[in-house]
Amino acid sequence: MSVLVFLENWDGKFKKLSFELVSYASKVAEMLGDHTVALSIGKVDASELEKLSTFGAEKVISIENETIKAFDEQTYSSIIAEVAHKSGAKVLILSNNNSGKALAPRLSVRLKAGVASGVSKLPASANPFVVYKKVYSGKAFANVEIKTDIKILTLAQNSFELTESPKAFVLEKMDIQPDSNLMKTQVKEVQKQSGKILITDADIVVSGGRGMKSPDNWGPLVELADLLGAATACSRPVSDEGWRSHDEHTGQTGKIIAPNLYFAIGISGATQHLAGISSSKIIVAINTDKDAPIFEAAQYGIVGDALKVLPKLVEAVKEMKSK
Amino acid sequence: MKILVCVSNVPDTTTKVKFVDEFKKLDVNGIQWIINPWDELALTRALELKDDASNGVQTVTVAHVGLVSSDPTIRKALAIGADDAIRVNIEAGDAYTIAAQLAEAVRNENFDVILCGIESSDHNGSTVGGMLAEFLGYPSVTGVSSVKIEGGLAVITREIDGGKEILSVLSPFVAVVQKGIAKEPRIAAMRGIMTARTKLIKVIEPQVIESLTEVISFEMPMTRAACKYVGADDAGQLIALLQNEAKVF
């Protein structure tokens, strides 16, 4: 029996989210008395695969078939289902990013396995198998029982701490030939965002709203983000106005994030915005309106004009860094 | 070409959710029901594709799993511009049963393109679209921010971690769509509201399908500690609190 965790890679590398997944899988396996098996599809160096054992993977299965370069959802789910059978997977764990959202439902039908998406904690109990997940876009949580023999969980990013639990590195190279009849998609072009910290990966996010007043006022906000090694984000009106790129929109219909620290600068905190950021560990709000709903979600607040407060924050961070 | 858009009936986004029956059920008292925001964008894009005659879209159909109480939401989709609707007459269960019911209802209808919103704003599951594709044996593309038809072939933009991919996909297929798929949801015009009354909602009796998951209970989020304020000139104090108290640096 095993807990199988699927890992995608980015140009042959894993990232923090991969290690969160393995840490989580290894804790679930501990609860159930099962083994943790990590599955990687695509070309990844052995040294990179070895890192997975640091976070508790007892076996790493690597499939590096040349014919499965592109992420075709049918092909990937058929391969993962086959590995799940071979490794006697009782629980299958994926990320709650777009790849996980693509694969988990297809695997659910293939394996007749119930899915709980966006879990952020270990299961409350193993028998019955009950997990805790966000519902109503963060306005409530649900305890969901998965009633099937095989369970599928997708883990919310930045919700589970990395925990090292070193195991011997056992690598199994597996060769699975995908059914070429399944490949009905063809990737024609890949556009990568380079040189920027991804909002969903970032530990700190500095986000601006309408209170920034004009697209020309973003300088100090970007400077603050750079000083903190943070990603920049924005509220929906800002991206709708074209002040900032749509990629930066955080909120219910934009990116849903859970950084350690979120600066909401000139953001009033509409329900739809809070739905995207309420899982942040610490929220700092800066707004002229003392009654703005963002202050109900925030742990720290400054009632004041974003444009006047920002340069002072930049100075304060510079001073902190100089010490 | 026939397009299907799957729609979910959800509480209005600004609803303050409450529960009854010892936190086992949503309190539906006073709730305004709406088309799930992502499904509404999917419908908008489907109608945009139909508007351009060169795409050769004949019909846009909406499908829904729910009881007759969902009809106002379905009528709204028809008023916005869908040609007709299919409703599977059963209270929505878990995502697996919804997708299975939808698959049975549309399997023989020969839709070329099926659009599903990436999540519903109630259970935030992000699973119905992918499950439907698997039940039907169709390819799926998830996280789609653009769907175009070029020479009869669908060209799709998929958002991935750190970028996007442009890909082509053979019909029939399921696209699970997200932000960007349409700019603003289309609003029903008076003429649409009038004609919606005469459009067909085909009611299909459900199959017997067991759910795989069950909500045992709901909980309200933990209330956060009250906000701690610092003065507008005390940025240094804020940074010190973040460093020493919140320990985020």
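**Exercise 1. Describe the contact between the two chains.**

Start with the counts: 67 residues of chain B are in contact with 74 residues of chain A, contact meaning that the C-beta atoms, placed from the backbone, lie within 7 Å. Next, sort the chain B side by class: 35 residues are nonpolar, 20 polar and twelve charged. Here Ala, Val, Leu, Ile, Met, Phe, Trp, Tyr, Cys and Pro count as nonpolar, Asp, Glu, Lys and Arg as charged, and the others, Gly among them, as polar.

Before going on, please note that this is a predicted model, in which local features need pLDDT of at least 70 and side-chain atom pairs count only at pLDDT 80 or more, while totals for chains, interfaces and linings use all residues. Residues are numbered from 1 along each chain as its sequence is written, and chains are lettered from A and ligands numbered from 1 in the order in which they are written.

**Exercise 2. Work out the strand order of the sheet that takes in both chains.**

Step one is the order itself: this open sheet of six strands runs β13(A)-β12(A)-β14(A)-β15(A)-β16(A)-β15(B), with parallel pairing. Strands are DSSP runs of E with at least two residues, helices are runs of H or I with at least four, and both are numbered from the N terminus. Two strands pair if DSSP finds at least two bridges between them.

Step two is the edges, which are β13 (231-234) of chain A and β15 of chain B, each pairing on one side only.

Step three is the crossing between chains. Strand β16 (residues 300-303) of chain A runs parallel to strand β15 (residues 228-229) of chain B, and two bridges join them. A:Tyr300 has B:Lys228 as its bridge partner there. Towards the other neighbour, β16(A) pairs with strand β15 (residues 282-287) of chain A over four bridges, in the parallel sense, with A:Asn287 opposite A:Val303.

Helix α5 (residues 219-228) of chain A lies across β12 (204-208), β13 and β14 (261-265) of chain A, at about 180° to β12(A). For these angles, axes are lines fitted to C-alpha atoms, for helices over the stretch in contact, and values run from 0 to 180 degrees between N-to-C directions.

**Exercise 3. Trace the two hairpins that share strand β7 of chain A.**

Begin with β6 (residues 125-126) of chain A, which pairs with β7(A) in the antiparallel sense over two bridges. The hairpin between them passes through two residues, and A:Ala126 stands opposite A:Phe129.

Continue to β8 (residues 140-146) of chain A: its antiparallel pairing with β7(A) has seven bridges, one of the pairs being A:Val130 with A:Glu145. Four residues lie between β7(A) and β8(A) in this hairpin, and A:Tyr136 in the turn has a positive phi of about 50°.

Finally, check burial. Five of the seven residues of β7 (129-135) are buried; a residue is buried with 20 or more other C-beta atoms within 10 Å of its own, exposed with 12 or fewer, and partly exposed in between, using C-beta atoms placed from the backbone.

**Exercise 4. Find out what surrounds helix α4 of chain B.**

First, count: nine of the nine residues of α4 (128-136) are buried. Next, list the partners: these buried residues pack against α4 (98-111) of chain A together with β1 (2-6), α3 (95-106), β8 (113-117), β9 (140-150) and β12 (173-177) of chain B. The helix is followed by B:Gly137, whose phi is positive, near 75°.

**Exercise 5. Compare the domains of chain A.**

Domain 1 covers 2-182 and domain 2 covers 204-322, with bounds from an automatic or database domain assignment. Their C-alpha centres lie 33 Å apart. Six residues of domain 1 are in contact with seven of domain 2; the domain 1 side has one nonpolar, five polar and no charged residues.
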